[in-house]
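Please look at the protein shown here and follow how its inside and its surface are put together. The briefing below is meant to be read with the structure open beside it.

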Amino acid sequence: MENNIQINLSGVCFALLVVLLIGRSLLMRKKGIKAIVFGRTDRSDFLLLPVVLFLAYSLTASIFGLPMWQPLIKPFWELLIPGWIGLVFCIVALIGIAFGLISFKDSFRVGIDEEKPDKLVTSGFFAISRNPLYVCFIIFIIGMFLIHRNIIISCVLILFPLAIHRQILREETFLKEHYSNGYIEYCEKVRRYL
């Protein structure tokens, strides 16, 4: 019973994550800014899409009892305390993502926007980490792993940070070219992650 509560709350957390990101993108669209430019500079970005969709489906399948091969979603252990810790991780990550989106202002993009990049953001959460949203996404996935603790989330826990790191390296190359010394000075003051 308690595990079902954790799984249902993880679904709420995942839905809130989606609402935060889509909501922010829609608000920016009203300002005439296209925030989702994912895959525009490199088609291989779409390799991340199946991972995210598979994660979304596995979470939805766990919550609503949709068809899923049971060995993929069978928990590794039955302890409940790690699940509650995982929910705390998810909530902290959601709060961090919300503050990160606020700090981003109109510079928020999903992907690299070579056509209309905005100002370099170095304040708010970006004064602590150059990639606070990515750090929060990883914390969110760790939380999901502690709640669901299965093969699917384990794979996502390994693949997602690797994909994020690859994206960060690509973004850093673009930011160095676009913002030159301003970005280099920022890198000297603020760490890539924490």
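The model is predicted. Its largest nonpolar core holds 41 residues, of which Phe-137, Phe-140 and Met-144 touch the most other members. Two or more residues are given to this core by each of helix 1, helix 2 (48-64), helix 4 (81-104), helix 5 (132-148), helix 6 (151-179) and helix 7 (181-189), and the largest share, ten residues, comes from helix 5.

- Helix 5 is made of 17 residues and reaches 24 Å from its first C-alpha to its last, which is close to the 24 Å expected at 1.5 Å a residue.
- Because 14 of its 17 residues are buried, helix 5 is largely enclosed by the rest of the structure.
- Leaving aside residues up to four places away in sequence, Met-144 touches Ser-10, Cys-13, Phe-14, Leu-59, Cys-90, Arg-149 and Ile-153.

**Ala-93 in helix 4**

- Ala-93, which lies in helix 4, has a relative accessible area of 0% and is therefore buried, since buried means under 20%.
- When residues up to four places away in sequence are not counted, Ala-93 touches Cys-136, Ile-139 and Phe-140.
- Between Ala-93 and His-165 there are 18 Å in space, C-alpha to C-alpha, and the two are 72 residues apart in sequence.

**Two loop residues with positive phi**

- Most residues other than glycine have a negative phi.
- Arg-149, in the loop between helix 5 and helix 6, has a positive phi near 40° although it is a residue other than glycine, and it comes just after helix 5.
- Arg-149 is buried, with a relative accessible area of 0%.
- Ser-180, in the loop between helix 6 and helix 7, also is a residue other than glycine with a positive phi, here near 50°.
- Ser-180 has a relative accessibility of 36% and so counts as partly exposed, because that term covers values between the 20% limit for buried and the 50% limit for exposed.

- Ile-5, Leu-9, Val-12, Leu-16 and Trp-84 make a nonpolar surface patch of about 400 Å².
- Helix 1 (residues 2-30) gives the largest share of this patch, four residues.
- Leu-9, one of the patch residues, is placed in helix 1 and counts as partly exposed at 37% relative accessibility.

How values were computed: Residues numbered from 1 in each chain as written. Predicted model: local features only at pLDDT ≥ 70, side-chain atom pairs only at ≥ 80, totals over all residues. Heavy atoms only, no water. Patch = residues over 30% accessible without salt bridge, like charges linked within 9 Å, V, L, I, M, F, W, Y side chains within 5 Å. Areas by Shrake-Rupley, 256 points an atom, 1.4 Å probe, with all protein chains shown as cover. Salt bridge = Lys/Arg side-chain N within 4 Å of Asp/Glu carboxyl O. Buried < 20%, exposed > 50% of the residue type's maximum accessible area, 1.4 Å probe, protein only. Core = buried A, V, L, I, M, F, W, Y, C linked by side-chain atoms within 4.5 Å. Contact = heavy atoms within 4.5 Å. Expected span 1.5 Å × (residues − 1).
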